[in-house]
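Here are my notes on this one, as numbered points. Have the model open while you read.

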Amino acid sequence: MVAFKKLEDLDVKGKRVLVRADLNVPIRDGKVTGLSRIVRGAETLRELSSRGARVVVCSHLGRPKGERNMEFTLQPVVEPLAEALGRPVAFADDCVGPVAEMVVNGLGEGDVALLENLRFHPEEEKNDPEFARKLATLADLYVNDAFSTSHRAHASTEYIAHLLPSAAGRLMQAELEALSAALRSPKRPVAAIVGGAKVSTKLELLGNLITHVDVLVIGGGMANTFLYAKGISVGNSLCEKEMADTARAIMEKAETEAGCRIILPMDAVVAREFREGAPSEIVPIRDVPEDSMILDVGPASVTRIEEALEPCHTIVWNGPLGAFEIPPFDAATVAAAKWVAERTKAGKFLTVAGGGDTVAAMAHAGVTGDLSYLSAAGGAFLEWLEGKTLPGVAALEG
Ligand code: AMP
């Protein structure tokens with residue numbers, strides 16, 4: 001477990017505290033259309049404010065590419081953030097320089113200000129020391145609550161942590177504790193379920209997982225590549241034939257060195273077309289017709305997956321088992337998600353799931369609130385599972 005300071009380790013009363021939040025929310029016509037990041041981010045801000053800190057919030061929004069582009073202004077976030085906090089939020093039209101200084105100097109104890117989009121300055125994404133120093137002059141203490149951007153070494157996530165006494169915010173803390181419990185010091189046996197479209201995007205993930213988990217369930221489009229590598233015909237399915245050697249190497253290493261059991265589909269839901277309501281059938285995995293695509297794992301595979309997971313205590317999940325956006329190809333993902341969620345609620349499993357599509361798949365299955373932790377941080381979650389050091393997290397160590 002990374003040793004990092006938490007909010008309770010900081011004496012914040014009367015101090016200016018710069019909080020790197022993730023307020024990268026969807027905005028349409030100048031209105032915020034999705035509040036979840038604001039609601040989740042408010043916890044740390046509320047706590048700091050109630051402890052008498054002068055709270056200075058900074059975030060990125062979208063990709064303005066280092067230019068002041070008002071399509072990406074954080075101004076629309078002010079009102080919903082104030083509502084979530086139950087107190088007014090001041091806004092500084094720039095995140096550094098005289099405008100920011102004036103707003104921050106005007107804060108009393110417990111007051112909150114939001115700074116304009118960090119990425120209006122190209123130096124932010126370059127982890128520029130001078131830009132980090134300018135940000136640091138606005139505060140006495142630094143709190144990073146943006147796990148979702150901590151896989152990038154940016155001035156507001158990495159360099160600044162070396163300039164000010166630093167701590168993790170509550171969201172960052174929850175994320176690090178959940179991920180550590182699942183992979184760094186898990187209750188064994190541990191299983192990972194990995195699905196999604198392609199092997200090529202999750203190669204490092206698979207390579208790292210086989211050395212950490214006891215059971216690896218492979219589903220989704222990527223399972224086709226593994227089946228193909230075993231000499232099984234997958235018809236017209238999505239399949240990265242050029243990755244067959246890599247898939248074979250992963251299976252061999254899992255078996256011989258890592259002591260990890262790999263579970264591949266034994267049956268499949270196939271169709272000739274990929275559209276809602278297209279005629280589909282369930283076939284044994286060795287009988288996939290040449291003119292059909294595998295679009296979901298079949299019911300016998302779900303039963304086998306459940307049998308393999310049953311003795312486990314910890315489950316890590318990234319990627320859907322099938323093309324879940326289009327029924328009926330959501331059946332296996334929904335069934336397995338419900339089964340895992342039930343056991344998690346009963347205290348039998350600790351379950352950590354994450355990644356953009358996985359959040360959507362869990363919501364589709366109606367189990368969002370029933371897992372131990374559901375991480376919305378796509379890239380950062382994957383890099384953590386790949387075993388990489390996240391610069392924004394490493395900078396908090398000590
Ligand atoms: P990823 O972003 O790698 O997690 O991939 C998620 C996507 O994989 C989803 O949009 C699914 O529809 C897609 N997917 C899952 N299984 C299959 C499959 N058997 N064939 C084609 N696409 C799939």
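1. Start with Cys95: its sulfur lies 7.6 Å from the closest cysteine sulfur, the one in Cys58, which is too far for a bond. A disulfide here is a pair of cysteine sulfur atoms within 2.5 Å. Cys95 is also buried, at 0% relative accessible area (buried is under 20%, exposed over 50%, partly exposed in between, using a 1.4 Å probe and protein chains only).

2. Cys312 is buried, with a relative accessible area of 1%. The tally for the structure is zero disulfides.

3. A word on provenance: this is a predicted model, with local features needing pLDDT of at least 70 and side-chain atom pairs counted only at pLDDT 80 or more, while totals for chains, interfaces and linings use all residues. Numbering runs from 1 along each chain as its sequence is written, and side-chain values use heavy atoms, with hydrogens and water left out.

4. Now the helices (DSSP runs of H or I, at least four residues, numbered from the N terminus). Helix 6 (residues 170–184) packs on helix 13 (residues 378–385) at about 30°, with axes 11 Å apart. That makes helix 6 roughly parallel to helix 13 (angles under 35 degrees count as such; axes are lines fitted to C-alpha atoms over the stretch in contact, and angles run from 0 to 180 degrees between N-to-C directions).

5. Who makes the contact (heavy atoms within 4.5 Å)? Helix 6 supplies Leu176, Leu179, Ser180, Leu183 and Arg184, and helix 13 supplies Phe381, Trp384 and Leu385.

Definitions and conventions. Helices (H or I, at least four residues) and strands (E, at least two) are DSSP runs, numbered from the N terminus. Angles under 35 degrees count as roughly parallel, over 145 as roughly antiparallel, 65 to 115 as roughly perpendicular and the rest as oblique. Contact means heavy atoms within 4.5 Å.
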